[in-house]
Amino acid sequence: MLLSRYFLPVLRETPKEAEIVSHQLMLRSAMIRQSAAGIYSWLPLGYRVLRKIEQIVREEQDRAGAIELLMPTLQSADIWRQSGRYEDYGKEMLRIQDRHERDLLYGPTNEELITEIFRESVKSYKDLPKNLYHIQWKFRDEIRPRFGVMRGREFLMKDAYSFDLTVDGARLAYNRMFVAYLRTFARMGLKSIPMAADTGPIGGDLSHEFIILADTGESQVYCHKDLIEGQVPAADIDFDGDLGPIIKAWTSKYAATDEKHDPKRFEAEVPAAKRVSARGIEVGHIFFFGTKYSEPMGAKVQGPDGNMVTPQMGSYGVGVSRLAGAIIEASHDEAGIVWPVSVAPFEVALINLKVGDKATDEAATAIYQKLRQAGIEVLLDDTDERAGAKFATMDLIGLPFQLIVGPRGLKQGEVEVKDRKTGERVSLSPEAAVNRLIASIESRRSLV
C-alpha cells in the first residue's frame, strides 16, 4: 500500500477526552474516530487490526471444534421473556419497537437466540455435542462509556455456546474453550491469566475471566506470580484428548478477580515473594451454566434411553474490539504503539527519505515489490513529508519493522532496518535487508 493513496489522518496532539494510553494512541494513529458516546468508526488502519484479531480468534475456535454461524444484531424480546432476563437485564439493554409495535432489542449477548435456534433444530442426543459461535457487534448502554474501545457501548464480540447431554460433557466443552483461549491471547502477544470470576447476569456456577495485567485495568486482581509465565499449549494440542493436566496447571495456583478474592486463602497459599496484586483488563470470559437457558426455553433432546433430556450449556466470550485497545495497553512506548507482527496492520514501514530522487525512488519501489511478492504486508511512505515527520508517523502507528531508504545510504550500497520493539538498527544491502525482514516476520507471525 502506498501512503500517498492511503487514508491515515493522524493527529499530532492528544485529544483531551482520551484518558488512557490505548484511547490516546488509537485516536492519534487514526485507528478510530468517535461518532457518539462509546461508539466508534473504525478507520482503515484500525480495521486491519480488528480483522487480524478476529481471524486469530476464528482460527482457534475452529481448531477447538466450534462451528461458526452468524446471528442478527436485533433480537425479539419474546425469547428474552421466555428466559426471564428481559426485565432483569436493566437499562444496559437497548429496547426498541418496530413499525408494528413489536418489541425488539439490540443484542447485548445471544444465549436466548442460540437456544431458540438449537431448540428448533436439534432433537436427538446423536446430534450432540455442539459448540456454535459467531463474531458480531453487540450493544450495551453503559451509564458512563469511557476509555475508548475498552469500555464502549458498541463492541465486536466472539460468543460461543456449547450444548451437551451431560454435565461431564459440558465440562469437557468448557475445558476446550479454556485451552483455546490460552492459545488465542498468546498468539496476539498477550500473557493472559485465567481467574476464577463472578458469573454476573449470565449466570451459572463455574466461570473464568482471562485477564491481562495493565495499570489501566478495570479490576483489581490477585494471582500467583508463576501464572504470568505459564506454558501455553502448542498448536498441535489434541482437543479430543485429556486436557485435565493443562487445566490443572493453570488453575491449581491462586488467581482471582476482586469479586472472588479471599485474602486469607491468598496469604496462606501464595508465598509473599510470589504474590501479585495488580490491575487487570478482561479480554475473555467463559461460563458453565447448566440448564439456566435450556430449561425455561424448553430446549430438549431425546436421550439414548428414549427419555427427553435438557441439554447442559456454556457460553464463551472474547472482546474482539476491546482486544485492540488491550494489546496497545500491553505494548507501547513513549513514541507510540508497538504492534506484535501477528496483529499489526502492516508488517513493514518502507520509508523513502527523498521522494523524487530517481535512485531512491527506484530502490524503494524494487524493495516494495520484492517484499509484496514474498507475502509481506508493506506500507510505503512515498509522501514528500520531511524525514522527521515520516519517522514520527511510523513510530506512532507502530509497525513491527521499518526499512529506511535514502540517497546517502544508497551511495554506500546500504539501507537501514529498524526493529520497532527493540529499537535495534542495522545497515544492510537492499537484498540482505529484504531477506532479513522476510525471515524475521515469518518467524514472528505465529507466536505459539
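Start at the second largest pocket, which has a volume of about 310 Å³. To find its centre, select G189, W339, P340, K421 and L447, the closest to that point among the 16 residues of the lining. By type, the lining divides into 10 nonpolar, two polar and four charged residues. Here Ala, Val, Leu, Ile, Met, Phe, Trp, Tyr, Cys and Pro count as nonpolar, Asp, Glu, Lys and Arg as charged, and the others, Gly among them, as polar. A pocket is an open set of points on a 1 Å grid over the protein atoms alone, where a 1.4 Å probe fits, with protein on both sides within 12 Å along at least five of seven lines; lining residues have an atom within 4 Å of a point. Its volume is the space filled by probe spheres set on the points, which are joined across faces, edges and corners.

Before you move on, a word on the model. It is predicted, so local features need pLDDT of at least 70 and side-chain atom pairs count only at pLDDT 80 or more, while totals for chains, interfaces and linings use all residues. Residues are numbered from 1 along each chain as its sequence is written, and side-chain values use heavy atoms, with hydrogens and water left out.

Next, select R95 in strand 5 (residues 94-97). Strands (E, at least two residues) and helices (H or I, at least four) are DSSP runs, numbered from the N terminus. Show its neighbours too: leaving aside residues up to four places away in sequence, R95 touches Y86, Y89, G90, L104 and L105, where contact means heavy atoms within 4.5 Å. The C-alpha atoms of R95 and L105 are separated by 4.4 Å, although the two are 10 residues apart along the chain. Now look at Y86, whose backbone oxygen lies 2.7 Å from a polar atom of the R95 side chain. R95 counts as partly exposed because its relative accessibility is 31%; buried means under 20% relative accessible area, exposed over 50%, and partly exposed in between (1.4 Å probe, protein chains only).

Two loop residues come next. A30 sits between helix 1 (21-28) and strand 1 (32-36), and F147 between strand 7 and strand 8 (154-164). Phi of A30 is near 65°, a positive value in a residue other than glycine, and phi of F147 is also near 65°. A30 counts as buried because its relative accessibility is 0%; F147, at 17%, counts as buried as well.

Finish at P129, in the loop between helix 4 (111-121) and strand 7 (130-139). The peptide bond leading from L128 to P129 is cis, with omega near 0°.

Terms used
Polar contact = N/O pair within 3.5 Å; in protein donor to acceptor, adjacent residues only side chain to side chain.
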